[in-house]
Every structure is written in structure tokens, then in C-alpha cells.
Amino acid sequence: MLVKTICSLFVFAFIIALSSCGMVAKEKKSVDSLETLADTNQVQHFIEKKIEFDSSKIAFTFDFPVGKPDAKGYYDYQGFTENRHLGEDWNGLGGGNTDLGDTIYSIANGQVIYAEDFGGGWGNTARIVHELPDGKCYESVYTHCDTIFTKSGTWLLKGAPIGTIGTGHGQYYAHLHLEIREQLGMPIGEGYSADTTGYVNPSAFIKSHRKITTKIQASSSLNQ
Ligand SMILES: [Zn+2]
């Protein structure tokens, strides 16, 4: 066994404030997180699977989630921390709904821990946990999706289709709201906050993790 890596994942029992991300009205409702978000069993399964090293389950490299691998044909309409934004809003260069239905890809190898319609402005939402070669884990969140192709518990390789760009149940022009989090299991949240604790700048993170060189990678024949 090359390495034992165990991520410390914590899923809290919380009441999620449902919110819309964007420029339009917000609505809130309470949901039972243990039924709807990051199923505890799935997180436990993820932890157990990491005990056995499998290079296909390690995030050695990261790509952008649209126009892969470099977001060609897309732009970030509202960046991280802009207007207190906790993510990035990826839009097609054509504007409007020209990107409606475009494919969204997993930014790295990882396991889906949530893939459902969250309702309201969030719409179809996928959450994926990625473990880096050093054992540190990050979570990517993809929301406002028109459709979701994957389901909770599924292991994905980088670049795997996970859904399509949507409008958040018609509340916005089509775009992908992408978040990358360094704290796992947090509520889906509001999408906006002056407190960025637990969040990282998606583009900066992806650009700095396009290729991760490690001893593990050098000794594995299955790396990307
Ligand atoms: Zn957004």
C-alpha cells in the first residue's frame, strides 16, 4: 500500500437556508439536511474507501468545469468575493441563455456526495469531494443545473459530465455557479457572504492545481 489517506469529513446536522444565487429575489425554506445533503453514509463510505489507495480516486489535477479543460468559450461573469460572492458564475460568451444545456464537467477525480434538486433558485445541485495526493480534501459545488447526470456515491474521473448549465428554475439567465470549499460538509449556504471562511477562489485554485507533482504520482501508472 503506497499511502493511507483519510480525510476528515464532517457533516453537520443543520438547517439549510435555501437561497438563490444571482441578481434576483431570494426565497428561504428549511429542509432536513440529513436527508438531502451529503448523506452521512456516503461521507463515511468516502472515508473508508480512502484507506485503500486507488489513484483513480485521487485528484492529481484540476480543470475548469465548462469548456474543458480551460473554460474556452466561457467567462466568469461574477468572480469570487465580487459583491460578496462565494463562487464564480460561468457563462457562455454568447450571453443570455446561449449556454443553456451546455455540459458541466467534474473539475477533478472525486466522489459525488450530493446530486439532487435543491429547489428554489439553486435548482439541481451537485457536490463532489476531491482528495489531493497529500490527503487534503476539497469540495466542488455546481448549482443552477438544468439536468444532473450523476448521483450521490458515484466516483467520477476529472472531466466526467455531471450535468448541464441551467437557469435555477427560470430565475436567471443560464449560468453555472461554481464553488470550491476547503471545509467539507458546510450547508449549501446563501452563495453570498462577507465571511469567506471555508471557501477558496475557484479559478485561482484550479490554476494552481492544474497538475500536482508528488512522489505518489511518480510511482503510479494510472495517473492522468
Ligand atoms: Zn453565483
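**Entry 1: a loop and its asparagine**

I began in the loop between strand E1 (74–76) and strand E2 (88–92), where Asn83 sits. The model is a predicted one. I looked up the backbone of Asn83 and found a positive phi of about 55 degrees, although Asn83 is not a glycine. Is Asn83 buried or exposed? I counted 8 other C-beta atoms within 10 Å, so Asn83 is exposed. The cut-off for exposed is 12 or fewer.

**Entry 2: helix H3**

Next I went to helix H3 (residues 67–71), which holds Pro69. The peptide bond that joins Lys68 and Pro69 is cis. Its omega is about 5 degrees.

Ala71 also has its place in helix H3. I noted a positive phi of about 65 degrees for Ala71, which is not a glycine. Ala71 has 17 other C-beta atoms within 10 Å, so I wrote it down as partly exposed.

**Entry 3: the whole chain**

I stepped back to the protein chain. Its secondary structure comes to five helices and eleven strands. There are 224 residues, and buried ones make up 42% of them.

**Entry 4: the largest nonpolar core**

Which residues touch the most other members of the largest nonpolar core? I found Ile104, Ala126, Tyr142, Ile162 and Leu176. The core has 35 residues. I then listed the elements that give two or more residues to this core: strand E3 (103–105), strand E4 (110–117), strand E5 (124–131), strand E6 (137–145) and strand E10 (176–181). E6 gives the largest share, five residues.

Ile104, Ala126, Ile162 and Leu176 were already on my core list.

How many of the nine residues of E6 are buried? The count is nine of nine, so E6 is largely enclosed by the rest of the structure.

I followed its pairings. E5 and E6 run antiparallel to each other and share seven bridges. In this pair, Ala126 stands opposite Tyr142 of E6. The hairpin of E5 and E6 has five residues between the strands. Gly135 is the residue I marked in this hairpin, with a positive phi near 95 degrees.

E6 pairs with E10 too, over five bridges, again in the antiparallel sense. Here Val141 stands opposite Glu179 in E10.

Strands of a sheet pair through backbone hydrogen bonds, either parallel or antiparallel.

**Entry 5: strand E4**

I moved on to E4. Six of its eight residues are buried, so E4 is largely enclosed by the rest of the structure. E4 and E5 pair over six bridges, in the antiparallel sense. E4 is also joined to strand E8 (residues 155–156) by two bridges, and these strands run antiparallel.

Which residues does Gln111 face? In E5, Val129 stands opposite Gln111. In E8, the bridge partner of Gln111 is Trp155.

The hairpin of E4 and E5 has six residues between the strands. Gly119 takes a positive phi near 85 degrees there.

**Entry 6: Asp117**

Asp117 lies in strand E4. I counted 14 C-beta neighbours inside 10 Å, so Asp117 counts as partly exposed. A residue would need 20 or more to be buried. Leaving aside neighbours within four places in sequence, I found Asp117 in contact with Gly123 and Asn124.

**Entry 7: an open sheet**

Last, I traced a sheet of three strands. The sheet is open, its order is E3-E9-E7, and the pairing is antiparallel. Which strands stand at the edges? They are E3 and strand E7 (147–148). Each has a single partner strand, so one side of each is left without a neighbour in the sheet.

I checked the pairing of E3 with strand E9 (residues 161–164) and found three bridges. Thr103 stands opposite Thr164 in E9.

Note on methods. Residues are numbered from 1 along each chain as its sequence is written. This is a predicted model: local features need pLDDT of at least 70, side-chain atom pairs count only at pLDDT 80 or more; totals for chains, interfaces and linings use all residues. A nonpolar core is a set of buried Ala, Val, Leu, Ile, Met, Phe, Trp, Tyr and Cys residues joined through C-beta atoms within 7 Å. Helices (H or I, at least four residues) and strands (E, at least two) are DSSP runs, numbered from the N terminus. Two strands pair if DSSP finds at least two bridges between them. Two residues are in contact if their C-beta atoms, placed from the backbone, lie within 7 Å.
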